[in-house]
Amino acid sequence: MRKVSRLSRFNVASLALGLAFLYLPILILVIYSFNASRLVTVWGGWSLRWYYEFFDDRAMIEASWMSLRVAVASATIATLIGTLAAVALSRGERFRGRTLFSGMLYAPLVMPEVITGLSLLLLFVALNAERGFWTVTIAHTTLTMCFVAVVVQSRLGSLDRSLEEAAMDLGCAPARAFLSVTLPLIAPAIVAGWMLAFTLSLDDLVIASFTTGPGSATLPIRIYSEVRLGVKPEINAICTLVIALIAVVIVLASLASKLSSSRGESAAPL
Amino acid sequence: MARSAGDAHPAAGEPLLRIESVAKAFGTFRAVDGVSLDIKAGEFFALLGPSGCGKTTLLRMLAGFESPDEGRILLGGKDIAPALPHERPINMMFQNYALFPHLSVRDNIAFGLRRANMARADIATRVAEMVALVKLEGLEKRKPDQLSGGQRQRVALARALARRPQLLLLDEPLAALDKKLRESTQGELMELQRRLGMTFIIVTHDQEEAMTMASRIGVMKSGKLAQVGAPRELYEAPRSRWIAEFVGDINLFDAESRLRDGHRLVIGTRDAGTLVVAEPRQPLGEVKFSVAIRPEKVKLSRRGPVGEAGHEAAINRLDGVIADICYLGGTTTYRVKLDTGGMLQASVINSARLDVDAYSVDQHVVAWFTPDDCVVLPS
């Protein structure tokens, strides 16, 4: 590897510009969430007023609760299905069309959300399903399970296959070998996948707005409809809370995957 | 006994393991091609061959990770084909050790015992016994990534031995160790095998390793067993030119003509003139063949053989000059450019500390060897 040289002035400038472009708007949003003034763009001193306002706003609280429930449910189902798909694709016998299946698994990653949302809406309408919590949950599961599968599959791919063979050699039936050796080793990747699915579901607007029904708006939908009537400082407070939640989850997820890869190093041959 | 299934005891005189014309193909590539082999209980057997010769595939078929396309594998007279890996009284030590990274040394060793539903107290006793056997005392609580390469190797060995298998398979067990450690571990493995009276099958590509440790060696080449025999047999009586070259160094001279003279053959070669060799046990037929002589069987002197060795024994005398010298400490290998055109390697033991006996480059020497030291090999 190239020796790390000191950053040139140009590098520093472009780095600062890039970071500013990404994080300055968020920073402003966070600061203005503590604004005492009723006007979004006028600074009126520090205050927690809009946070109190949010906790008194029944509709917002309900939407947040809905979003959390959908995120937990869809992330859990997606983790289950995604992990199974990853195991089947990287550990199962070679079957016809395996490459096609792997490819199809990645399709939702690149599919425009509008198309995913619209097609799911058509499906739910055709099935005459009542739109609400479960339809959003199912829609989010289809979106996020492929992310989980990708994360878990890459972990499985880097795992030494002879570990499972050693377990079988030492008296484990194949299923037992998977449970007592492979599963503990891919657990961090599964946790990371769950958290990824959770955050994806939490901040999705497009698919949720296609697949939800009246009376069961998720938080992003609620915020979006509020903003259309003009930005209230309360929105800033809500967004700050969401950012904080997502930041915590992402840090946990990256810690989990770091743990996963450091275990992988010790599993690798000398 | 820890085993629930597949407990097999061979009748007296019968081999522990019998491999009957086993074959395995991957696609159109025949990895193992009709191998038959008997292994007796208590043997230390080595499967030796270059990479891709099928030795690891054969080992994996014994462990149960691959199933043979043809042939049978009998353990103690019973066909083990239907038994899955976890049902066989066979354990394997993997090339990269395959230690469970999330388990401590103790739990790695106890892993197989727990699966065998052994009582808690018995497991503790057996683990302690194994830890003592491979000298890992004090490291029981460490995780594999906190161990050195040699220590990991010991854990893998202890884990494979813990279930007291009837047959222990070792897949290149020493390949990851450095030379010094490898040599001491070779000795320890042999000592262990003798003490436990267990049957070991080791797979290796290192002929020195196989010769050092094994009581019998099977040399494999492109899926077939080329020769099976004791180390000495392989080295001194190789069955083909390929084996002679694979096991140790050897000088080879293509034969151009031959004449019978009693129990001797007088063979004309292009590179080394006329050589007299002992007649091989099997008649040669009409095939092309070469005369082979190991470098350490070639003697060098400044003026030719002296004393009683001067006449009868040293019929083969070749004049030449030293072309280059390779000093290896214990021995020195000289490459002699023969006057007849060929090259001859001679390996000389450095029995004196001072170099009064050493030769120098471009020095004229006489190389000589007896007819009995030569082997005739079909090429």
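**Exercise 1. State how many helices and strands chain B has, and describe its overall build.**

Step 1. Chain B has 8 helices and 20 strands; helices (H or I, at least four residues) and strands (E, at least two) are DSSP runs, numbered from the N terminus.

Step 2. This is a predicted model, in which local features need pLDDT of at least 70, side-chain atom pairs count only at pLDDT 80 or more, and totals for chains, interfaces and linings use all residues. Residues are numbered from 1 along each chain as its sequence is written, while chains are lettered from A and ligands numbered from 1 in the order in which they are written.

Step 3. Along the principal axes, the C-alpha atoms of chain B fill a box of roughly 75 × 50 × 40 Å.

Step 4. Chain B has 379 residues, and 38% of them count as buried. A residue is buried if 20 or more other C-beta atoms lie within 10 Å of its own, exposed if 12 or fewer, and partly exposed in between, with C-beta atoms placed from the backbone.

Step 5. Of the contacts in chain B with a separation of 6 or more, 65% are between residues 24 or more positions apart. Two residues are in contact if their C-beta atoms, placed from the backbone, lie within 7 Å.

**Exercise 2. Work out how α2(B) and α4(B) pack.**

Step 1. The axes of α2(B) and α4(B) are 7 Å apart, at an angle of about 25°. Axes are lines fitted to C-alpha atoms, for helices over the stretch in contact, and angles run from 0 to 180 degrees between N-to-C directions.

Step 2. The angle therefore makes α2(B) roughly parallel to α4(B). Angles under 35 degrees count as roughly parallel, over 145 as roughly antiparallel, 65 to 115 as roughly perpendicular and the rest as oblique.

Step 3. The crossing of α2(B) past α4(B) is right-handed; a crossing is left-handed if the near helix is turned anticlockwise from the far one by less than a right angle, and right-handed if clockwise.

Step 4. From α2(B) come Val105(B), Asn108(B), Ile109(B), Phe111(B) and Gly112(B), and from α4(B) come Val155(B), Ala158(B) and Arg159(B). By class these are 5 nonpolar, 2 polar and 1 charged.

**Exercise 3. Describe the build of chain A and the setting of Arg222(A).**

Step 1. Chain A contains 11 helices and 0 strands. Of its 270 residues, 35% count as buried.

Step 2. The axes of α3 (residues 58–91) and α6 (residues 133–158) of chain A come within 5 Å and cross at roughly 40°, so α3(A) is oblique to α6(A). The crossing is right-handed.

Step 3. Arg222(A) is part of helix α10 (residues 219–228) of chain A. Arg222(A) counts as buried because 21 C-beta neighbours lie inside 10 Å.

Step 4. Beyond neighbours within four places in sequence, Arg222(A) contacts Ala59(A), Met60(A), Ala63(A) and Ala217(A).

**Exercise 4. Describe the contact between chain A and chain B.**

Step 1. Chain B gives 21 residues and chain A gives 19 residues.

Step 2. On the chain B side, β6 (90–93) and α2 (105–115) each give two or more residues. The largest share, 3 residues, is from α2(B).

Step 3. The chain B side divides into 12 nonpolar, 6 polar and 3 charged residues.

Terms used: Nonpolar A, V, L, I, M, F, W, Y, C, P; charged D, E, K, R; others polar.
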